[in-house]
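Subject: Structure handover

Hello,

Here is the structure for your records. My notes follow below it.

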Amino acid sequence: MGAAATKRPLLKRRGFWILAGLAALAVVVLAVVLPVYFVVVHKHGSTANGGSGGSGTPAGSGPPGSGNGNPASPTGATSGGNGTVVTMANGTQFTYINPFGGYWVYDPKAPFNNNARPNSWTPPLNTSWTWGKDQVFGVNLGGLFVLEPFIVPALYEKYVGAVDEWTLSTLMAADTASGGMSQLENHYDTFITEEDIAQIAGAGLNWIRLPIPFWCIETWSPEPFLARTSWTYIVRLLGWARKYGLRVNLDLHTIPGSQNGYNHSGRQGQVNWLYGVMGIANAERALGYIRTIAEFISQPEWQNVVPMFGIVNEPLVPQIGQDAVGRFYLQAYETIRSITGTGEGNGAYISIHDGFAGLTSWKGFLTGADRMVLDTHPYFAFNGQPNTAPIDTPAGDGGTWPAQACGWASMITQSQTDFGITVGGEFSTAYNDCGLFVDGITATGASGTPTFGGSCALYQDSSTWTPTLKSGLKAFTMASMDALENWFYWTWKIGVSSKTGIVSAPLWSYSLGLAGGWIPTDPRSAVGYCSSIGVANAPFPGTYSAWQTGGTGAGTIAPAAQASYSAYPPPSLSGIAIPADASLLYQYTSTGTPVTLPMPTFTGVKVTDNGWYNTADNGGAATPVAGCAYPDAWAESSLAMPVGSACGAAATGGVVAPTRTPATVPATTTAATATTTATVATTTAATTATATVRRR
Ligand SMILES: *[C@@H]1O[C@H](CO)[C@@H](O)[C@H](O)[C@H]1NC(C)=O
Ligand SMILES: *[C@@H]1O[C@H](CO)[C@@H](O)[C@H](O)[C@H]1NC(C)=O
Ligand SMILES: *[C@@H]1O[C@H](CO)[C@@H](O)[C@H](O)[C@H]1NC(C)=O
Ligand SMILES: *[C@@H]1O[C@H](CO)[C@@H](O)[C@H](O)[C@H]1NC(C)=O
């Protein structure tokens, strides 16, 4: 197998001790310098943030005291609320419209300032989020860094034969006349702008779920994906989120070998993660990328901006099996928590997807684990049914659809008792699967075949929609929001088709729905919607066990739960008969160099952190065993295990799971005490959720 692309050396032991020495020296120096520094800089700080005051700025004006030379504002302000003008990096200006008391904060002298907030009911980034009290009103930025045909149709229309990012990248790279892969970078640069992020805050939203591909870290030959280029734009996006006070759920959307065989995993077709002959090897690589991302987001500069990390999007549990996926989740959990330590304030919440197995099957999973979130993606669009019940009724009430969406509420409430924090990481206005490329794209460039039982034409052109259709769609959307409680709409923006010249999958675009009137301009108006239409929705009482939010007991996994998932690699895998000697499984060895994701740079501000939070986490990364001929990691899921393979643990000196040094958490992080101490009220009614949860 091929060599890894760009790599940066990790500090080894020796470097660590030199650093430790320097740090000790720095403490001495700082003790002298700090008093002076604070006198000088604090003044600045209070000038910059003085008007923010925690309660919003007056409409149309920045806070008092602003005006100390910020090029991103025509007045030089470092903070501003509704009506302030913002200058983007390329000089174009827009007016920040936020009727909800939100304000942006950006001071070029303090680029990591976390004082911004998106609205008056969401705590600023510098203040902790309280699960059970604060509610997630979020939106995904699909199609930005992971390119799906129905979100960015024009790029796929240009390259007939492209069905996923693998084939798109191959065709695009060959098209040097059009600039080759620079077209992809241009997409990262322009599809979502700073103004979009400002509009997200202005729409009453408070979180972004940001899908990213593993190839923002590296690629291995022969993967055709654009390696590392997106990282610069991902960090730029995170910076905008900070500026507008939006929290980010960073979602690792693609996994080596593919975790679901869907086009949005990078390559459509096979599952080769925890499945088939390369299943363990691909999982070893995935754990390494999860580690790299955790190292980055756990740095103090990012903890408040990225309080949630979704480690694997939509693993296909029906094919892979819950046992293997659960074991991987535990490996990933331990990898992350050995970097961050446990307890509130130490790294992000870890979000796991239900894998289409239903929320109830995760009841009691890893009880005691520190700050986990269960994520589900309910869609009627993909239930395989004709869905012909009318949504455009004379009353404009959406017919039976809103009540059907409200049916999700009971499974969400139940899961908050059974598991803990539960979110709807994806949902949309699409009650059917109409829309250009919504069912994928064929090699001839045609849209996939919808299962909808009527004509799709209406749902591909929102300019023709009647007021009653719009209000029906709005009712369905608000019902979905209310039922999910903590939600992330899929997705903020759908690009225009080059063939039709319009957004041809309008049921999926939050921004289009805001403009067109089928998305509520104030998401709070959806709260209580289900009971208003007569569907009982008794929301979760809002009290979690202390361990679920990083308080007492967090990180002590119940022995029985631990025991059922701790053996790794999984004793059995789908897709292959594990050889009697499991050490014959294809694996990588841990002698590679972990890849570090770089920090952004700023003019005139020195950034000392280097992208790797925990220097004690210095084990190697997965790399092919020299001389081993591995099967294709993306395309040989049905291959039988060769007898006597020399590429398994037997050949690598017994290294099976990736090396994980129990890490000492850097001293800068102090474990805070939990804000939530109440225990879960035991709910007795164990209603079986029959909601439609389907793949996308
Ligand atoms: C927000 O600012 C805009 C533009 O200045 C203004 O038209 C609007 O009335 C303001 N809204 C609120 C709620 O202050
Ligand atoms: C957090 O930000 C608010 C403004 O949103 C500011 O008033 C407050 O002082 C900040 N708190 C800390 C601890 O920096
Ligand atoms: C600046 O960027 C925005 C957003 O991408 C774009 O709409 C605008 O045309 C650009 N302006 C210039 C002068 O390039
Ligand atoms: C391709 O993507 C669309 C939209 O996400 C999805 O509905 C479809 O099932 C996918 N097809 C495949 C084969 O991955």
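**Buried loop residues**

Ile311 sits in the loop between β8 and α8. Helices (H or I, at least four residues) and strands (E, at least two) are DSSP runs, numbered from the N terminus. A word on the basis: this is a predicted model, where local features need pLDDT of at least 70, side-chain atom pairs count only at pLDDT 80 or more, and totals for chains, interfaces and linings use all residues. Residues are numbered from 1 along each chain as its sequence is written, chains are lettered from A and ligands numbered from 1 in the order in which they are written, and side-chain values use heavy atoms, with hydrogens and water left out.

Ile311 counts as buried, at 0% relative accessibility. Buried means under 20% relative accessible area, exposed over 50%, and partly exposed in between (1.4 Å probe, protein chains only). Ile311 and Ile336 are 25 residues apart along the chain, and their C-alpha atoms are separated by 10.0 Å.

Asn313 belongs to the loop between β8 (308–310) and α8 (317–320). Asn313 is buried too, with a relative accessible area of 1%. Its side chain makes a polar contact of 3.3 Å with the side chain of His253. For such a contact, two N or O atoms must lie within 3.5 Å; within protein, one must be able to donate a hydrogen and the other to accept it, and residues adjacent in sequence count only if both atoms are side-chain atoms. Asn313 and Asp251 are 62 residues apart in sequence, but 6.8 Å apart in space, C-alpha to C-alpha.

Asn432 is in the loop between β11 (422–424) and α12 (467–484). Asn432 counts as buried at 1% relative accessibility. Its side chain reaches the backbone nitrogen of Cys434 at 2.9 Å.

**Helix α7**

Helix α7 (residues 279–297) has 19 residues. From first C-alpha to last it reaches 27 Å, close to the 27 Å expected at 1.5 Å a residue. The expected span is 1.5 Å times one less than the number of residues. Of the 19 residues of α7, 18 are buried, so the helix is largely enclosed by the rest of the structure.

**Backbone points to check**

Most residues other than glycine have a negative phi, and most peptide bonds are trans. Ser258 has a positive phi of about 80° although it is not a glycine. Ser258 lies in the loop between β7 (247–252) and α7, and is buried at 0% relative accessibility. Leu274, not a glycine either, has a positive phi of about 55°. Leu274 is also found in the loop between β7 and α7, and counts as buried at 0%.

There are cis peptide bonds as well. One joins Ser221 and Pro222, with omega about 10°. Pro222 is in the loop between β6 (207–212) and α6 (229–244). Another joins Trp490 and Thr491, with omega about 15°. Thr491 is in the loop between β12 (487–489) and α13 (510–516).

**Rings**

The whole structure holds 49 aromatic pairs. Rings of Phe, Tyr and Trp (its six-membered ring) pair if their centres lie within 6.5 Å; planes under 30 degrees apart count as stacked, over 60 as edge-to-face and the rest as tilted. Phe365 and Tyr565 pair edge-to-face, at 4.9 Å centre to centre and 80° between the planes. This pair links distant parts of the chain, 200 residues apart: Phe365 is in the loop between β9 (349–353) and β10 (372–376), and Tyr565 is in helix α15 (residues 559–565). Both residues, Phe365 and Tyr565, are buried.

The rings of Phe380 and Trp408 are stacked, because their centres are 5.0 Å apart and their planes are at 20°. Phe380 and Trp408 are both buried. Ring pairs link Phe380, Trp401, Trp408, Tyr431, Phe452, Tyr459 and Phe476 into a cluster.

Two charges sit over rings. Arg242 lies over the face of Trp302, 4.6 Å from the ring centre. The charged end of Lys243 is over the ring of Trp104, 5.1 Å from its centre. The test is NZ of Lys or CZ of Arg within 6 Å of the ring centre and within 35 degrees of the ring normal.

Best regards
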